[in-house]
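Let's take a friendly walk through this chain, from its overall make-up to a few individual residues. Have the sequence and the model at hand as you read.

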Amino acid sequence: MKKSHPFRRVMLASAATVSGIVLLLTLKPSSDPGGAQAAGALPQQTAAAQESAQGGAAAKDGTFTGDTVDTQYGPVQVRVTVSGGKITKAEALQQPKGGQSDQISGNAIPKLNKEAVTAGLNGSIDAISGASYTSAGYGKSLQSALDKASAGTGTGATGGGGAAKAATVTGDAVDTQYGPVQVRITVSGGKITKAEAVKAPTGGQSTTISGNAVPKLNQEAVAAGTANIDAISGASYTSAGYKKSLQSALDKVPAAESDKGTGAGAASADPKPSPTPSSAAGSGGAAAGGATSNGGGTYTGSVVQTEYGPVQVRVTLTKGRITSASAVQAPTGGRSDQVSANAIPKLNQEAVTAGDGDIDAVSGASYTSAGYKKSLQSALDQAGG
């Protein structure tokens with residue numbers, strides 16, 4: 001009977017273990033991009049974003065406004081400022097509001113803006129917990145803004161032709177409970193350099209309130225560079241009217257800047273509203289938001305006052321067909337939030353489907369539907385439809 005050798009058995013077992021480890025290491029792949037993608041570590045990017053990330057077609061410097069995206073709780077629209085191939089600022093021009101939406105947007109939007117700046121040109125941002133619809137709408141509008149940045153179509157976009165020239169435009173007159181408000185701005189290089197109220201409530205206490213509020217609102221408009229400004233305490237109606245008129249002026253900026261570039265002239269100092277995008281377009285087409293020579297362009301209809309609040313519609317036409325419709329203004333507050341949230345997406349869809357202003361009213365939203373139709377028709381009238 002042979003003697004066992006424990007030491008020999010230990011040595012053989014150790015050698016077998018080492019051999020097994022070496023074999024496993026030789027079989028393991030050096031990387032697993034497919035697994036990373038499945039885990040969500042590599043979000044999808046558009047071709048434009050991929051080119052930019054790889055050093056290809058870089059985004060132009062300037063300010064770019066994304067498409068309005070309708071969500072279940074209201075529209076979302078994003079504007080970004082790009083400088084040196086990076087997003088330096090992101091903001092929401094439109095966001096769900098009314099009731100609980102105010103709280104949700106107040107929490108989510110600042111975080112989404114921060115994420116957009118951090119993510120940069122790939123537009124890959126995470127949804128904010130408790131605000132999935134708003135986050136999804138924000139992401140879509142952000143991506144459309146970045147697509148425009150890649151194409152170089154935006155306010156103050158610079159490329160081989162240099163920066164856009166200065167333009168002075170006057171917003172629509174907005175009626176408030178105490179009188180009309182109308183704002184005029186001067187824009188240069190994609191920034192508001194001057195803001196002033198052509199009209200403001202006057203008479204009695206209104207003169208004192210306007211004298212206090214309007215200079216502050218003018219200062220806020222220049223500092224913010226957008227219509228996303230805070231209301232002045234004690235002047236809520238004037239502030240709301242100022243913001244609406246300011247936004248309508250900003251909507252007209254791209255076309256007005258295009259006019260400056262073609263020698264057609266910018267809006268004059270006359271306090272009447274400056275031309276709409278359709279009439280302000282140059283012969284060879286306009287910047288984003290204006291008319292183009294192929295029967296396309298973006299047109300904003302007149303503000304229509306209804307029993308529950310103003311309605312204003314914006315449409316985009318491509319080769320004479322409505323490709324996008326959105327409500328710039330809609331009744332808000334109380335039950336109107338719910339009615340508008342239900343009706344506006346349906347009216348937008350009807351406008352695109354019908355291709356004209358002959359659309360059906362949405363049940364339970366007769367006033368909003370009637371206002372929508374009138375504003376839609378005025379937008380089409382500007383387009384020559």
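## Surface and overall make-up

Accessible areas here come from the Shrake-Rupley method with a 1.4 Å probe, and for residues only the protein chains shown count as cover. On that basis, the accessible surface of the chain comes to about 19600 Å², with 53% of it belonging to carbon and sulfur atoms. This is a predicted model, in which local features need pLDDT of at least 70 and side-chain atom pairs count only at pLDDT 80 or more, while totals for chains, interfaces and linings use all residues. Residues are numbered from 1 along each chain as its sequence is written, and side-chain values use heavy atoms, with hydrogens and water left out.

The chain has 10 helices and 14 strands; these are DSSP runs numbered from the N terminus, with helices (H or I) of at least four residues and strands (E) of at least two. Of the 385 residues in the chain, 41% are buried, where buried means under 20% relative accessible area, exposed over 50%, and partly exposed in between (1.4 Å probe, protein chains only). Contact means heavy atoms within 4.5 Å. Among contacts between residues at least 6 apart in sequence, 50% join residues at least 24 apart.

In soluble globular proteins, nonpolar side chains tend to be buried together. A nonpolar core is taken here as a set of buried Ala, Val, Leu, Ile, Met, Phe, Trp, Tyr and Cys residues joined through side-chain atoms within 4.5 Å. Which residues touch the most other members of the largest nonpolar core? Of its 21 residues, they are Val-80, Val-82, Leu-112, Tyr-138 and Leu-142. Two or more residues each come from β3 (74-83), β4 (86-94), α4 (100-119) and α5 (132-151), and α5 gives the most, with 5 residues.

Take Leu-142 as a guide: leaving out residues up to four places away in sequence, Leu-142 touches Val-78, Val-80, Ala-116, Gly-123 and Ile-125. Apart from this core lies another, of 20 residues, including Val-313, Ala-325, Ile-359 and Val-362.

## Helix packing

Two packed helices are described by the angle between their axes and the distance between the axes. Axes are lines fitted to C-alpha atoms, for helices over the stretch in contact, and angles run from 0 to 180 degrees between N-to-C directions. For α4 and α5, the angle is about 35 degrees and the axes are 11 Å apart. In this packing, Ile-109, Leu-112, Asn-113 and Ala-116 of α4 meet Thr-134, Ser-135, Tyr-138 and Leu-142 of α5.

Helices α9 (residues 335-354) and α10 (residues 366-383) also pack, at an angle of about 35 degrees with axes 11 Å apart. On the α9 side the contact uses Ile-344, Leu-347, Asn-348 and Ala-351, and on the α10 side Thr-368, Ser-369, Tyr-372 and Leu-376. Ser-369 is buried, with a relative accessible area of 1%. Beyond its neighbours within four places in sequence, Ser-369 is in contact with Leu-347, Ala-361 and Val-362.

## Aromatic pairs

Rings of Phe, Tyr and Trp (its six-membered ring) pair if their centres lie within 6.5 Å; planes under 30 degrees apart count as stacked, over 60 as edge-to-face and the rest as tilted. By this rule there are 3 aromatic pairs. One of them joins Tyr-73 and Tyr-133: their ring centres are 5.5 Å apart and their planes at 70 degrees, so the pair is edge-to-face. Tyr-73 sits in the loop between β2 (69-71) and β3, and Tyr-133 in α5, 60 residues apart. Tyr-73 is partly exposed at 44% relative accessible area, and Tyr-133 is partly exposed at 42%.

Tyr-178 and Tyr-237 also have ring centres 5.5 Å apart and planes at 70 degrees, so this pair is edge-to-face. Tyr-178 lies in the loop between β7 (174-176) and β8 (179-188), and Tyr-237 in helix α7 (residues 236-262), 59 residues apart. Both are partly exposed, Tyr-178 at 48% relative accessibility and Tyr-237 at 40%.

The C-alpha atoms of Ala-249 and Gly-171 are separated by 3.8 Å, although the two are 78 residues apart along the chain.
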